[in-house]
Amino acid sequence: MSAWLPTAPCTPQACVEAPAAVRARTVPRAVLRLTAVLLLLLAGLALTPVGGRIPASLVRRWCRWIVRAAGVRVRITGAAAPTGGLLLVANHISWLDIPLLAAVRPARMLAKTEVRRWPVAGALAARGGTLFIDRDRLRALPGTVARISGALREGAAVAAFPEGSTWCGRAQGTFRRAVFQAALDAGVPVQPVRIGYRLSDGTATTAPAYVGDDTLLASLWRVATAHGLIAEVEVRAPVPPDGTPDRRTLARAAQPPDATAPAWTHTVLVA
């Protein structure tokens with residue numbers, strides 16, 4: 001892996017809350033949840049050939065169903081995302097972020113090439129128009145930015161996680177600037193979205209995090225066996241392209257206001 005790639009200090013051992021002992025009666029419920037998620041993904045895979053004719057409202061509902069099927073309640077606040085070319089950006093904590101961002105507005109996802117190898121979801125992503133980025137090849141980045149810009153000019157929405165790595169949610173990384181250049185080149189607004197996870201009593205939780213050397217299966221099981229998980233999605237005001245002179249300024253404007261302040265202390269604690 002290239003040294004220039006963004007990394008987070010988060011690891012499952014240091015950051016992710018250890019799940020409570022799974023009771024025997026919880027296992028069938030967790031299996032049922034994961035089965036429901038799988039069936040919804042398979043249904044989406046079967047419908048990808050006609051995806052362009054499916055109403056956006058139904059796609060948003062389907063994405064919420066996936067998260068709800070995993071046992072996670074969804075709360076979306078803020079204004080609806082605008083139509084036309086749009087770059088959606090959000091902080092990145094969990095695999096749940098992907099359907100949550102699509103629940104705000106269906107979009108072509110920007111994802112690392114490794115996602116292609118995910119069971120079921122990888123095939124769904126590829127057939128759904130995902131723009132893949134080879135993070136090990138820095139020289140391929142300008143071409144990726146050009147493809148994103150082209151999709152935005154055509155009126156599509158593109159969703160990205162500019163941190164370039166997942167964080168546990170206690171702290172977040174800095175938004176990388178490259179993807180914002182595509183929005184500037186295409187002259188489209190940026191839609192910032194803030195994602196967080198809480199328990200039913202209101203306390204923040206890192207249980208859904210998918211960080212470090214964690215495995216997708218372990219994260220899936222942790223979510224499916226959890227109780228009272230709530231996903232909070234805050235849709236902030238769009239940032240117009242004409243008010244930002246460069247990608248650095250645009251990335252800073254889209255960055256959640258509380259994301260960078262605690263990051264260094266979190267890094268020290270984890271280290």
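The model is a prediction in which local features need pLDDT of at least 70 and side-chain atom pairs count only at pLDDT 80 or more, while totals for chains, interfaces and linings use all residues. Residues are numbered from 1 along each chain as its sequence is written, and side-chain values use heavy atoms, with hydrogens and water left out.

**Salt bridges**

A salt bridge is a side-chain nitrogen of Lys or Arg within 4 Å of a carboxyl oxygen of Asp or Glu.

| E232 | R75 | 3.9 Å |

R75, R198 and E232 are linked in a network of salt bridges. Strands here are DSSP runs of E with at least two residues, and helices are runs of H or I with at least four, both numbered from the N terminus. E232 lies in strand 7 (residues 229–235) and R75 in strand 1 (residues 72–78), so their bridge ties together parts that are 157 residues apart in sequence.

Burial is stated by relative accessible area: buried means under 20%, exposed over 50% and partly exposed in between (1.4 Å probe, protein chains only). E232 is partly exposed at 26%, as are R75 at 43% and R198 at 31%. In the remaining pair, R222 is buried at 11% and D214 is buried at 12%.

**Aromatic pair**

Rings of Phe, Tyr and Trp (its six-membered ring) pair if their centres lie within 6.5 Å; planes under 30 degrees apart count as stacked, over 60 as edge-to-face and the rest as tilted. One aromatic pair is counted by this rule. F175 and F180 form this stacked pair, at 6.2 Å centre to centre with 25° between the planes. Both F175 and F180 are buried.

**Surface patches**

Patches consist of residues with over 30% relative accessible area and no salt bridge; like charges are joined within 9 Å, and nonpolar side chains (Val, Leu, Ile, Met, Phe, Trp, Tyr) within 5 Å. R176, R177, R247, R248 and R252 form a positive patch. R177 lies in the loop between strand 5 (157–160) and helix 6 (178–186) and is partly exposed at 35%. V27, V31 and W221 make a nonpolar patch of about 220 Å². W221 belongs to helix 7 (residues 216–225) and is partly exposed at 31%.

Notes
Areas by Shrake-Rupley, 256 points an atom, 1.4 Å probe, with all protein chains shown as cover. Lys, Arg positive; Asp, Glu negative; His and termini not counted. Charge placed at Lys NZ, Arg CZ, Asp CG, Glu CD.
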